[in-house]
Amino acid sequence: MEPCCVVVWENWLAETKDRSFAAFLEGPLREFFLSQSVFEATGAWPFGERPHGTAGMLEGYAEVLGVKPEVNIIHAWLAPLAKPILNERRVCPCGSGNSIKDCHGEEIWSLRQRVPTSLARQMQSKLDEASEKDRLNRLQFEDLVDAILQSLYCRRPINLISAASQSALKLGSSPMLLGRGVGLAS
Ligand SMILES: [Zn+2]
């Protein structure tokens, strides 16, 4: 297995031969603490760079599936793995428009060996969770920008700024910028 700085747990599960707890302690967990301490000491990640958070997860999943690290693509390939019974008449996840049987059937059968149904489902729900988190972050960020623009350029009293923007102001991550924005509103 190719180790990485943030353990993508599903990668390890999909690639390890030994799924015991002891193997987990020896593998991903040990690696995690090791890489954390190396990073703290040297400022560089051992085992190569892998982005954190959602991007890291996408890369990890993409590696297991042998596809591009894009949410839609990964979802498409997880779908036939997450089903207890593979229906080969379904459209192939590669986008060719052919049935799985006439396209990537062989690849999908071999992926199913490595990524059992339960694991594929776990990966699906983690992807969904991450997408939802990203979406909320983006909304919060948009509200924040909106609040700053309103207070800077419209000079609206803060109490007339939309509730969403007000809550964004409270959640804001840039107090300096916010300070200016709110200061101008009178
Ligand atoms: Zn195909």
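Which helix does Ser131 lie in? Keep that in mind while you get your bearings; this is a predicted model, and the tour will come back to Ser131.

**Stop 1: the whole chain**

Show the protein chain as a cartoon and look at its secondary structure: there are 8 helices and 0 strands. Followed along the sequence, the pattern reads α-α-α-α-α-α-α-α. Now colour by burial, and you will find that buried residues make up 22% of the 186 residues. Turn to the contacts with a separation of 6 or more: 53% of them join residues 24 or more positions apart.

**Stop 2: confidence**

Next, colour by pLDDT. The mean for the protein chain is 76, and 66% of its residues reach 70 or more. Among the elements, helix α4 has the highest mean pLDDT (96), while helix α8 (residues 175-184) has the lowest (42). Select residues 1-6: the pLDDT is below 50 there, and beyond near neighbours in sequence the stretch has 16 contacts in the model. Then select residues 171-186, where the pLDDT is also below 50 and the corresponding contacts number 23.

**Stop 3: helix α4**

Select residues 71-82, which form helix α4. This helix has 12 residues and reaches 16 Å from its first C-alpha to its last, close to the 16 Å expected at 1.5 Å a residue. Which residues of α4 are buried? Show the side chains of Ile74, Trp77, Leu78, Pro80, Leu81 and Ala82 to see them.

**Stop 4**

Why does Leu78 count as buried? Because 24 other C-beta atoms lie within 10 Å, and the cut-off for a buried residue is 20 or more. Not counting residues up to four places away in sequence, Leu78 touches Ala120, Met123 and Gln124. For a distance to draw, take Leu78 and Leu65: they are 13 residues apart in sequence, and their C-alpha atoms are 8.2 Å apart in space.

Now widen the selection to the largest nonpolar core, which has 14 residues; Tyr61, Ile74, Leu78 and Ala120 touch the most other members. Helices α3 (53-65), α4 and α6 are the elements that give two or more residues to this core. In soluble globular proteins, nonpolar side chains tend to be buried together. Click on Ala120 as well: leaving aside neighbours within four places in sequence, Ala120 is in contact with Leu78, Leu81, Ala82 and Val115.

**Stop 5: Glu63 in helix α3**

Move to helix α3 and select Glu63. Glu63 is partly exposed, because it has 18 other C-beta atoms within 10 Å.

**Stop 6**

Finish with the opening question: Ser131 lies in helix α6, which covers residues 117-154. Is Ser131 buried, exposed or partly exposed? Ser131 is partly exposed, because 13 other C-beta atoms lie within 10 Å. As a last pair, select Ser131 and Val71, which are 60 residues apart in sequence and 8.4 Å apart in space, C-alpha to C-alpha.

Technical notes. Residues numbered from 1 in each chain as written. Predicted model: local features only at pLDDT ≥ 70, side-chain atom pairs only at ≥ 80, totals over all residues. Helix = DSSP H or I, 4+ residues; strand = E, 2+ residues; numbered from the N terminus. Buried ≥ 20, exposed ≤ 12 C-beta atoms within 10 Å, placed from the backbone. Expected span 1.5 Å × (residues − 1). Contact = placed C-beta atoms within 7 Å. Core = buried A, V, L, I, M, F, W, Y, C linked by C-beta atoms within 7 Å. pLDDT = per-residue confidence, 0-100.
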